[in-house]
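Here are my notes for you, as promised. Have the model open while you read and click along.

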Amino acid sequence: MPMSQAFKDRLYPVLTDIVSHFGTPFHIYDETGIRETARQLIETFSALEGFREYFAVKALPNPRILEIMSEMGFGFDCSSIAELVLSRRIGASGEDLMFTSNNTSREEFQAAADDGGCILNLDDISLVPKVPRMPELICFRYNPGPQRSGNSIIGNPVESKYGVAHQQIIEAYLEARRRGARRFGIHTMLASNELDYRYMVQTTKMLLDLIKWIRKEIDIVFEFVNIGGGLGIPYKPNEPAFDLRAMGIEITKLMKEFSRQEGYCPRLYMESGRYMTGPHGVLVVRAINRKEIYRTHIGVDACMSALMRPAIYGAYHHIEVLGKDPQKGLETVDVVGSLCENNDKFAIQRPLPPIEDGDVLCIHDTGAHGHAMGFNYNGKLRPQELLLRHDGRVELIRRAETLDDYFATLNFDPDVLDLRS
Ligand SMILES: *Cc1c(COP(=O)(O)O)cnc(C)c1O
(Lines give C-alpha, C1' and ligand atoms only; values in the text may rest on other atoms or scores of the structure.)
Protein backbone atom coordinates (compact mmCIF):
# COMPACT_ATOMS: atom_id res chain seq x y z
CA MET A 1 0.00 0.00 0.00
CA PRO A 2 1.45 3.40 -0.99
CA MET A 3 1.97 6.00 1.79
CA SER A 4 1.55 4.43 5.22
CA GLN A 5 -1.43 5.15 7.44
CA ALA A 6 1.01 6.45 10.05
CA PHE A 7 2.39 9.06 7.61
CA LYS A 8 -1.16 10.08 6.67
CA ASP A 9 -2.05 10.41 10.35
CA ARG A 10 0.93 12.69 10.87
CA LEU A 11 0.48 14.75 7.70
CA TYR A 12 -3.18 15.10 6.77
CA PRO A 13 -4.42 16.85 9.94
CA VAL A 14 -1.82 19.62 9.46
CA LEU A 15 -1.60 19.69 5.67
CA THR A 16 -4.02 22.59 5.19
CA ASP A 17 -1.91 24.74 7.50
CA ILE A 18 1.29 23.69 5.74
CA VAL A 19 -0.23 24.51 2.36
CA SER A 20 -1.40 27.93 3.50
CA HIS A 21 2.01 28.78 4.99
CA PHE A 22 4.33 27.46 2.27
CA GLY A 23 2.03 27.44 -0.76
CA THR A 24 1.97 24.65 -3.34
CA PRO A 25 3.63 22.76 -4.91
CA PHE A 26 6.08 21.01 -2.59
CA HIS A 27 7.52 17.63 -1.75
CA ILE A 28 7.25 16.85 1.94
CA TYR A 29 9.26 14.08 3.62
CA ASP A 30 8.44 12.25 6.84
CA GLU A 31 11.42 12.09 9.19
CA THR A 32 9.73 9.59 11.52
CA GLY A 33 9.02 7.17 8.67
CA ILE A 34 12.56 7.47 7.26
CA ARG A 35 14.04 6.69 10.68
CA GLU A 36 11.72 3.72 11.14
CA THR A 37 12.70 2.21 7.81
CA ALA A 38 16.37 2.78 8.65
CA ARG A 39 15.92 0.97 11.98
CA GLN A 40 14.15 -1.92 10.24
CA LEU A 41 17.03 -2.32 7.80
CA ILE A 42 19.57 -2.33 10.64
CA GLU A 43 17.45 -4.88 12.52
CA THR A 44 17.24 -7.04 9.38
CA PHE A 45 20.99 -7.63 9.42
CA SER A 46 21.62 -7.36 13.15
CA ALA A 47 23.20 -10.84 13.17
CA LEU A 48 25.89 -9.75 10.70
CA GLU A 49 28.80 -7.86 12.15
CA GLY A 50 29.70 -4.71 10.26
CA PHE A 51 26.60 -4.49 8.09
CA ARG A 52 26.31 -1.04 6.60
CA GLU A 53 23.90 0.77 4.36
CA TYR A 54 25.41 3.33 1.99
CA PHE A 55 22.41 5.49 1.18
CA ALA A 56 22.24 6.15 -2.57
CA VAL A 57 22.50 9.94 -2.52
CA LYS A 58 20.95 10.37 -5.96
CA ALA A 59 17.58 9.22 -4.61
CA LEU A 60 17.16 12.25 -2.33
CA PRO A 61 20.20 14.54 -2.38
CA ASN A 62 19.31 16.93 0.41
CA PRO A 63 21.70 17.64 3.30
CA ARG A 64 18.96 17.39 5.95
CA ILE A 65 18.05 13.91 4.70
CA LEU A 66 21.73 12.90 4.56
CA GLU A 67 22.14 14.08 8.16
CA ILE A 68 19.36 11.74 9.23
CA MET A 69 21.03 8.86 7.37
CA SER A 70 24.35 9.71 8.95
CA GLU A 71 22.77 9.71 12.42
CA MET A 72 21.47 6.22 11.66
CA GLY A 73 25.08 5.16 11.06
CA PHE A 74 24.84 4.97 7.29
CA GLY A 75 27.43 5.88 4.71
CA PHE A 76 26.76 7.31 1.26
CA ASP A 77 26.90 5.92 -2.23
CA CYS A 78 27.89 8.75 -4.56
CA SER A 79 28.23 8.71 -8.32
CA SER A 80 29.09 12.31 -9.10
CA ILE A 81 31.33 15.06 -7.77
CA ALA A 82 28.30 16.97 -6.50
CA GLU A 83 27.14 13.96 -4.48
CA LEU A 84 30.62 13.51 -2.97
CA VAL A 85 30.83 17.17 -2.02
CA LEU A 86 27.30 17.14 -0.59
CA SER A 87 28.06 14.09 1.57
CA ARG A 88 31.33 15.59 2.77
CA ARG A 89 29.55 18.84 3.63
CA ILE A 90 27.46 16.99 6.23
CA GLY A 91 30.56 15.37 7.72
CA ALA A 92 30.99 12.07 5.88
CA SER A 93 34.56 11.13 5.00
CA GLY A 94 36.86 8.28 4.01
CA GLU A 95 35.15 4.92 4.18
CA ASP A 96 31.76 6.54 4.85
CA LEU A 97 31.79 7.24 1.13
CA MET A 98 31.52 4.81 -1.73
CA PHE A 99 32.22 6.37 -5.12
CA THR A 100 30.39 4.38 -7.78
CA SER A 101 30.95 6.35 -10.94
CA ASN A 102 30.98 5.04 -14.48
CA ASN A 103 32.69 6.47 -17.56
CA THR A 104 34.79 8.19 -14.93
CA SER A 105 36.62 11.42 -15.75
CA ARG A 106 39.98 12.68 -14.49
CA GLU A 107 38.13 15.34 -12.45
CA GLU A 108 36.00 12.65 -10.78
CA PHE A 109 39.07 10.60 -9.82
CA GLN A 110 40.58 13.75 -8.34
CA ALA A 111 37.42 14.57 -6.37
CA ALA A 112 37.32 11.00 -5.08
CA ALA A 113 40.91 11.26 -3.83
CA ASP A 114 40.46 14.75 -2.29
CA ASP A 115 39.59 15.45 1.34
CA GLY A 116 40.57 12.10 2.80
CA GLY A 117 39.40 10.00 -0.12
CA CYS A 118 36.62 7.43 -0.20
CA ILE A 119 36.06 3.83 -1.20
CA LEU A 120 36.74 3.80 -4.91
CA ASN A 121 34.38 1.49 -6.77
CA LEU A 122 35.77 1.04 -10.29
CA ASP A 123 33.41 0.36 -13.15
CA ASP A 124 35.89 -1.00 -15.69
CA ILE A 125 39.27 -2.69 -16.02
CA SER A 126 40.49 0.10 -18.32
CA LEU A 127 40.13 2.56 -15.42
CA VAL A 128 42.75 0.82 -13.26
CA PRO A 129 45.77 2.53 -14.85
CA LYS A 130 43.86 5.82 -14.89
CA VAL A 131 43.49 6.00 -11.12
CA PRO A 132 45.96 8.78 -10.23
CA ARG A 133 47.04 7.15 -6.94
CA MET A 134 45.84 3.59 -6.35
CA PRO A 135 44.26 3.60 -2.89
CA GLU A 136 44.89 0.79 -0.42
CA LEU A 137 41.22 -0.25 -0.55
CA ILE A 138 39.70 -0.90 -3.96
CA CYS A 139 36.37 -2.24 -5.15
CA PHE A 140 35.07 -3.29 -8.55
CA ARG A 141 31.54 -3.24 -9.84
CA TYR A 142 30.82 -6.68 -11.27
CA ASN A 143 28.58 -7.31 -14.28
CA PRO A 144 27.65 -11.00 -14.47
CA GLY A 145 26.53 -10.78 -18.10
CA PRO A 146 24.41 -13.67 -19.36
CA GLN A 147 24.39 -15.44 -15.97
CA ARG A 148 21.69 -13.11 -14.66
CA SER A 149 18.52 -11.74 -16.19
CA GLY A 150 18.41 -8.28 -14.58
CA ASN A 151 15.06 -6.61 -14.16
CA SER A 152 12.84 -4.25 -16.09
CA ILE A 153 14.18 -0.83 -15.01
CA ILE A 154 17.88 -1.65 -14.94
CA GLY A 155 17.72 -4.04 -17.89
CA ASN A 156 19.61 -7.09 -19.07
CA PRO A 157 23.23 -7.16 -17.75
CA VAL A 158 24.56 -8.05 -21.23
CA GLU A 159 23.14 -4.80 -22.61
CA SER A 160 24.09 -2.74 -19.57
CA LYS A 161 26.94 -0.22 -19.68
CA TYR A 162 27.89 -0.93 -16.08
CA GLY A 163 30.50 -3.05 -14.45
CA VAL A 164 33.46 -5.31 -15.13
CA ALA A 165 32.69 -8.37 -17.27
CA HIS A 166 33.08 -11.80 -15.73
CA GLN A 167 36.06 -12.71 -17.94
CA GLN A 168 37.93 -9.55 -16.82
CA ILE A 169 37.30 -9.62 -13.11
CA ILE A 170 40.36 -11.64 -12.03
CA GLU A 171 42.68 -9.53 -14.14
CA ALA A 172 41.09 -6.36 -12.72
CA TYR A 173 41.95 -7.32 -9.14
CA LEU A 174 45.42 -8.55 -10.16
CA GLU A 175 46.16 -5.26 -11.87
CA ALA A 176 44.88 -3.24 -8.88
CA ARG A 177 47.11 -5.32 -6.58
CA ARG A 178 50.12 -4.78 -8.85
CA ARG A 179 49.51 -1.07 -8.51
CA GLY A 180 49.40 -1.13 -4.75
CA ALA A 181 45.89 -2.08 -3.62
CA ARG A 182 45.96 -4.27 -0.50
CA ARG A 183 42.36 -4.35 0.66
CA PHE A 184 39.46 -5.44 -1.50
CA GLY A 185 35.72 -5.22 -1.85
CA ILE A 186 33.26 -6.24 -4.52
CA HIS A 187 30.05 -4.62 -5.70
CA THR A 188 27.18 -5.25 -8.04
CA MET A 189 23.90 -3.49 -8.80
CA LEU A 190 21.51 -5.50 -10.90
CA ALA A 191 18.00 -4.64 -9.86
CA SER A 192 15.84 -1.58 -9.55
CA ASN A 193 12.46 -1.39 -7.83
CA GLU A 194 12.51 -5.17 -7.43
CA LEU A 195 9.73 -6.40 -5.13
CA ASP A 196 10.89 -10.04 -4.98
CA TYR A 197 13.36 -10.33 -2.11
CA ARG A 198 14.78 -13.54 -3.58
CA TYR A 199 16.52 -11.49 -6.25
CA MET A 200 18.73 -9.88 -3.58
CA VAL A 201 19.38 -13.29 -2.02
CA GLN A 202 20.51 -14.64 -5.41
CA THR A 203 22.72 -11.58 -5.87
CA THR A 204 24.39 -12.23 -2.52
CA LYS A 205 24.94 -15.88 -3.42
CA MET A 206 26.39 -14.87 -6.78
CA LEU A 207 28.91 -12.50 -5.17
CA LEU A 208 29.87 -15.00 -2.45
CA ASP A 209 30.48 -17.74 -5.05
CA LEU A 210 32.47 -15.25 -7.10
CA ILE A 211 34.78 -14.23 -4.26
CA LYS A 212 35.37 -17.89 -3.33
CA TRP A 213 36.56 -18.46 -6.89
CA ILE A 214 38.68 -15.28 -6.97
CA ARG A 215 40.34 -16.31 -3.71
CA LYS A 216 41.17 -19.74 -5.15
CA GLU A 217 42.62 -18.19 -8.28
CA ILE A 218 44.62 -15.27 -6.89
CA ASP A 219 44.43 -15.53 -3.10
CA ILE A 220 42.51 -12.35 -2.38
CA VAL A 221 40.17 -12.14 0.59
CA PHE A 222 37.38 -9.61 0.56
CA GLU A 223 36.57 -7.13 3.30
CA PHE A 224 33.07 -6.50 2.01
CA VAL A 225 30.47 -7.51 -0.52
CA ASN A 226 28.13 -4.73 -1.62
CA ILE A 227 24.91 -6.15 -3.07
CA GLY A 228 23.74 -2.76 -4.34
CA GLY A 229 20.32 -1.18 -4.03
CA GLY A 230 17.20 -1.81 -6.02
CA LEU A 231 14.81 -2.94 -3.30
CA GLY A 232 11.33 -2.10 -4.49
CA ILE A 233 8.40 -0.35 -2.90
CA PRO A 234 4.73 -0.94 -3.71
CA TYR A 235 3.57 2.07 -5.73
CA LYS A 236 0.14 0.58 -6.43
CA PRO A 237 -2.48 -0.24 -3.82
CA ASN A 238 -2.62 -4.02 -3.29
CA GLU A 239 0.97 -4.55 -4.42
CA PRO A 240 2.77 -6.65 -1.80
CA ALA A 241 5.52 -4.98 0.24
CA PHE A 242 9.13 -6.12 -0.13
CA ASP A 243 9.76 -8.89 2.43
CA LEU A 244 12.72 -7.41 4.29
CA ARG A 245 12.61 -10.00 7.08
CA ALA A 246 12.76 -12.97 4.72
CA MET A 247 15.64 -11.37 2.81
CA GLY A 248 17.49 -10.80 6.09
CA ILE A 249 17.07 -14.37 7.24
CA GLU A 250 18.21 -15.91 3.95
CA ILE A 251 21.14 -13.57 3.37
CA THR A 252 22.32 -14.03 6.96
CA LYS A 253 22.21 -17.79 6.42
CA LEU A 254 24.31 -17.49 3.25
CA MET A 255 26.88 -15.29 4.98
CA LYS A 256 27.19 -17.63 7.99
CA GLU A 257 27.58 -20.61 5.68
CA PHE A 258 30.29 -18.78 3.74
CA SER A 259 32.05 -17.96 6.98
CA ARG A 260 32.09 -21.63 8.05
CA GLN A 261 33.44 -22.78 4.67
CA GLU A 262 35.99 -20.05 4.09
CA GLY A 263 37.05 -19.25 7.64
CA TYR A 264 36.34 -15.56 7.29
CA CYS A 265 33.31 -13.35 6.68
CA PRO A 266 33.22 -10.20 4.60
CA ARG A 267 31.01 -7.36 5.80
CA LEU A 268 27.70 -6.98 3.99
CA TYR A 269 27.07 -3.58 2.42
CA MET A 270 23.98 -2.36 0.68
CA GLU A 271 23.15 0.90 -1.10
CA SER A 272 19.42 1.31 -1.15
CA GLY A 273 17.89 4.59 -2.19
CA ARG A 274 14.25 4.12 -3.07
CA TYR A 275 13.47 1.74 -0.22
CA MET A 276 14.80 4.14 2.39
CA THR A 277 12.92 7.29 1.44
CA GLY A 278 10.52 6.56 -1.44
CA PRO A 279 7.32 5.92 0.56
CA HIS A 280 8.17 8.71 3.02
CA GLY A 281 7.61 11.58 0.62
CA VAL A 282 4.61 13.03 -1.19
CA LEU A 283 4.25 15.75 -3.79
CA VAL A 284 1.50 18.16 -2.77
CA VAL A 285 -0.08 20.12 -5.61
CA ARG A 286 -3.16 22.23 -6.18
CA ALA A 287 -5.68 21.80 -9.00
CA ILE A 288 -5.78 25.01 -11.03
CA ASN A 289 -7.67 24.13 -14.21
CA ARG A 290 -10.30 21.67 -15.22
CA LYS A 291 -10.49 21.04 -18.94
CA GLU A 292 -13.13 18.87 -20.57
CA ILE A 293 -12.42 17.85 -24.15
CA TYR A 294 -12.34 14.22 -25.28
CA ARG A 295 -11.08 13.40 -21.80
CA THR A 296 -11.24 15.35 -18.57
CA HIS A 297 -7.86 16.89 -17.72
CA ILE A 298 -7.15 18.13 -14.23
CA GLY A 299 -4.36 20.71 -14.50
CA VAL A 300 -2.24 21.07 -11.38
CA ASP A 301 0.39 23.63 -10.37
CA ALA A 302 3.38 21.27 -10.72
CA CYS A 303 4.68 19.46 -13.77
CA MET A 304 7.19 16.75 -14.63
CA SER A 305 10.01 19.03 -13.48
CA ALA A 306 8.89 17.98 -9.98
CA LEU A 307 8.43 14.29 -10.71
CA MET A 308 9.61 12.60 -13.88
CA ARG A 309 8.83 8.97 -13.16
CA PRO A 310 5.32 8.86 -14.69
CA ALA A 311 6.56 10.52 -17.89
CA ILE A 312 9.81 8.56 -18.20
CA TYR A 313 8.80 5.11 -17.04
CA GLY A 314 5.02 5.24 -17.25
CA ALA A 315 5.25 4.78 -13.49
CA TYR A 316 2.14 4.67 -11.34
CA HIS A 317 1.97 7.11 -8.43
CA HIS A 318 -1.09 6.85 -6.25
CA ILE A 319 -3.07 10.08 -5.84
CA GLU A 320 -5.43 11.20 -3.09
CA VAL A 321 -7.56 14.34 -3.04
CA LEU A 322 -7.42 16.02 0.34
CA GLY A 323 -10.73 15.90 2.19
CA LYS A 324 -12.58 13.96 -0.52
CA ASP A 325 -13.90 10.49 0.08
CA PRO A 326 -13.36 8.06 -2.83
CA GLN A 327 -16.34 6.03 -1.55
CA LYS A 328 -18.65 8.91 -2.59
CA GLY A 329 -18.13 8.44 -6.33
CA LEU A 330 -15.29 8.69 -8.80
CA GLU A 331 -14.66 10.16 -12.23
CA THR A 332 -11.94 9.14 -14.63
CA VAL A 333 -9.42 11.90 -15.38
CA ASP A 334 -5.88 12.65 -16.55
CA VAL A 335 -3.89 14.68 -14.01
CA VAL A 336 -1.58 16.93 -16.01
CA GLY A 337 1.19 19.50 -15.65
CA SER A 338 1.80 22.52 -17.86
CA LEU A 339 4.91 21.45 -19.74
CA CYS A 340 4.70 21.34 -23.54
CA GLU A 341 5.10 17.58 -23.68
CA ASN A 342 2.09 15.36 -23.90
CA ASN A 343 3.69 12.86 -21.52
CA ASP A 344 3.63 15.51 -18.77
CA LYS A 345 0.93 13.65 -16.84
CA PHE A 346 0.95 12.46 -13.25
CA ALA A 347 -1.90 10.05 -13.91
CA ILE A 348 -3.65 8.77 -16.99
CA GLN A 349 -7.32 7.72 -16.98
CA ARG A 350 -7.35 7.52 -13.19
CA PRO A 351 -10.57 7.19 -11.19
CA LEU A 352 -10.51 10.00 -8.61
CA PRO A 353 -13.12 11.88 -6.59
CA PRO A 354 -14.51 14.85 -8.58
CA ILE A 355 -11.85 17.59 -8.50
CA GLU A 356 -12.52 21.32 -8.60
CA ASP A 357 -10.08 24.23 -8.92
CA GLY A 358 -8.35 24.80 -5.60
CA ASP A 359 -8.44 21.18 -4.42
CA VAL A 360 -5.21 19.84 -2.93
CA LEU A 361 -3.84 16.57 -4.33
CA CYS A 362 -1.25 14.31 -2.73
CA ILE A 363 0.87 12.37 -5.17
CA HIS A 364 2.35 9.49 -3.21
CA ASP A 365 5.80 7.90 -3.01
CA THR A 366 7.88 10.81 -4.26
CA GLY A 367 10.56 10.48 -1.57
CA ALA A 368 13.12 8.88 -3.91
CA HIS A 369 14.03 9.72 -7.51
CA GLY A 370 11.37 12.45 -7.31
CA HIS A 371 12.63 16.00 -6.92
CA ALA A 372 16.13 14.70 -7.63
CA MET A 373 15.33 13.77 -11.23
CA GLY A 374 13.62 17.02 -12.12
CA PHE A 375 14.89 19.12 -15.00
CA ASN A 376 14.40 22.62 -16.35
CA TYR A 377 13.21 21.82 -19.86
CA ASN A 378 10.72 24.37 -21.11
CA GLY A 379 11.87 26.76 -18.39
CA LYS A 380 9.91 24.89 -15.75
CA LEU A 381 11.25 25.41 -12.26
CA ARG A 382 11.59 22.82 -9.52
CA PRO A 383 9.48 23.08 -6.38
CA GLN A 384 10.45 23.47 -2.73
CA GLU A 385 11.10 20.55 -0.39
CA LEU A 386 9.83 20.35 3.19
CA LEU A 387 10.62 18.04 6.07
CA LEU A 388 7.91 16.98 8.51
CA ARG A 389 10.19 16.60 11.46
CA HIS A 390 10.17 14.14 14.30
CA ASP A 391 9.19 16.97 16.67
CA GLY A 392 6.15 17.85 14.55
CA ARG A 393 7.64 21.04 13.13
CA VAL A 394 7.88 21.61 9.40
CA GLU A 395 11.19 22.73 7.96
CA LEU A 396 11.89 24.21 4.53
CA ILE A 397 14.88 22.13 3.38
CA ARG A 398 15.08 23.50 -0.16
CA ARG A 399 13.42 26.61 -1.49
CA ALA A 400 11.65 26.64 -4.83
CA GLU A 401 13.75 27.60 -7.84
CA THR A 402 13.37 31.12 -9.13
CA LEU A 403 13.75 32.69 -12.54
CA ASP A 404 17.09 34.09 -11.33
CA ASP A 405 18.29 30.51 -10.77
CA TYR A 406 17.19 29.64 -14.28
CA PHE A 407 18.97 32.66 -15.77
CA ALA A 408 22.11 32.24 -13.65
CA THR A 409 24.06 30.39 -16.37
CA LEU A 410 23.04 32.60 -19.27
CA ASN A 411 25.37 35.22 -20.74
CA PHE A 412 23.55 38.41 -21.55
CA ASP A 413 26.91 40.14 -22.14
CA PRO A 414 28.81 38.58 -25.04
CA ASP A 415 31.79 36.37 -24.13
CA VAL A 416 33.38 35.64 -27.49
CA LEU A 417 36.42 33.72 -28.71
CA ASP A 418 37.70 35.73 -31.69
CA LEU A 419 39.69 33.49 -34.09
CA ARG A 420 39.92 36.02 -36.92
CA SER A 421 43.56 37.10 -37.23
C1 LIG B 1 20.68 4.35 -8.29
C2 LIG B 1 21.67 3.51 -7.60
C3 LIG B 1 21.38 2.93 -6.36
C4 LIG B 1 20.04 3.05 -5.68
O5 LIG B 1 19.01 2.42 -6.35
P6 LIG B 1 17.58 2.27 -5.68
O7 LIG B 1 16.79 1.58 -6.74
O8 LIG B 1 17.12 3.64 -5.38
O9 LIG B 1 17.77 1.45 -4.44
C10 LIG B 1 22.36 2.20 -5.75
N11 LIG B 1 23.58 2.04 -6.32
C12 LIG B 1 23.90 2.57 -7.51
C13 LIG B 1 25.26 2.36 -8.07
C14 LIG B 1 22.96 3.33 -8.19
O15 LIG B 1 23.28 3.85 -9.38
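1. Start at Leu386, which stands opposite Leu396 in β18. On the other pairing, Leu386 in β17 is the bridge partner of Ile28. A quick word on the model: it is predicted, with local features needing pLDDT of at least 70 and side-chain atom pairs counting only at pLDDT 80 or more, while totals for chains, interfaces and linings use all residues. Residues are numbered from 1 along each chain as its sequence is written, and side-chain values use heavy atoms, leaving out hydrogens and water.

2. Now the pairings (DSSP must find at least two bridges between two strands; strands are DSSP runs of E, at least two residues, numbered from the N terminus). β17 pairs with β1 (residues 26-30) in the parallel sense over five bridges. With β18 (residues 394-398), β17 pairs in the antiparallel sense over four bridges.

3. Look at the hairpin of β17 and β18: five residues lie between the strands, and Gly392 there has a positive phi near 85°.

4. Is β17 enclosed or open? Five of its five residues (384-388) are buried, so the strand is largely enclosed by the rest of the structure. Buried means under 20% relative accessible area, exposed over 50%, partly exposed in between (1.4 Å probe, protein chains only). Gln384, Leu386 and Leu388 point one way, Glu385 and Leu387 the other, and all are buried.

5. Leu410 is partly exposed, at 44% relative accessible area.
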